[in-house]
Amino acid sequence: MKKLAGLAVLVAILFSVTACNVTIGADEDGKKWIALMDKHKKLLEEGKFDAKAFEAEAKPIAEALKKHRGSSDQVSFRSEDVLKDFKRATNEFENVLKEKGSEEQKKMYIDIRDLWNFKQPAGNSAGNAPPDNEAS
């Protein structure tokens, strides 16, 4: 009986650790996306944006964000601050891309974004807000 109880406790601990890692991971990957958006927004503004470099940096982050989607196909963030900054950085980048990017660059960005987004807004565990902008 003690072995069964010990096993049950171990399984419960494993489930809770796994759940925490997924939630925390979304915030960390979200912060990477925020840094990426801010960096490449500046490059766009300066006329130094390199689409291939962006794609090489963005694809692994987008794939990581994809792993943190909830059952509603939305990326879930633990922190409201990360969600807010994620939306800010993404919207600012998209606005500059609309203004200064080529059609090819816009399409490449949408293809990368759609790896994690599936046309759904980013959200948090408390609720989801619609995106403010679209890049196209």
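Helices (H or I, at least four residues) and strands (E, at least two) are taken as DSSP runs and numbered from the N terminus. On this basis, the protein chain contains four helices and three strands, which follow one another from the N terminus in the order α-α-β-α-α-β-β. The structure is a predicted model, in which local features require a pLDDT of at least 70 and side-chain atom pairs count only at pLDDT 80 or more, whereas totals for chains, interfaces and linings use all residues. Residues are numbered from 1 along each chain as its sequence is written, and side-chain values use heavy atoms, with hydrogens and water left out.

Confidence is expressed as pLDDT, the predictor's confidence in each residue on a scale from 0 to 100. The mean pLDDT of the protein chain is 77, with 65% of its residues at 70 or more. Confidence is highest in H3, at 95, and lowest in strand E3 (residues 127–128), at a mean of 38. Residues 8–12 have a pLDDT below 50, and this stretch makes zero contacts (heavy atoms within 4.5 Å) beyond near neighbours in sequence. For residues 124–136, pLDDT likewise stays under 50, but the model has 29 contacts beyond four places in sequence for this segment.

Of the 136 residues in the protein chain, 38% are buried, where buried means under 20% relative accessible area, exposed over 50%, and partly exposed in between (1.4 Å probe, protein chains only). Among contacts with a separation of 6 or more, 76% involve residues 24 or more positions apart.

In soluble globular proteins, nonpolar side chains tend to be buried together. A nonpolar core is defined here as a set of buried Ala, Val, Leu, Ile, Met, Phe, Trp, Tyr and Cys residues joined through side-chain atoms within 4.5 Å. The largest such core has 27 residues, and those with the most contacts inside it are Trp33, Met37, Phe54, Leu65, Phe77, Phe93 and Tyr109. Helices H1 (2–46), H2 (51–66), H3 (80–100) and H4 (103–117) are the elements that give two or more residues to this core. The most is given by H3, with seven residues.

His68 lies in the loop between H2 and strand E1 (76–77). Because its relative accessibility is 12%, His68 counts as buried. Its side chain is joined to that of Asp29 by a polar contact of 2.8 Å; such a contact is a pair of N or O atoms within 3.5 Å, and within protein one must be able to donate a hydrogen and the other to accept it, residues adjacent in sequence counting only if both atoms are side-chain atoms. His68 and Ala26 are 42 residues apart in sequence, yet 5.6 Å apart in space, C-alpha to C-alpha.
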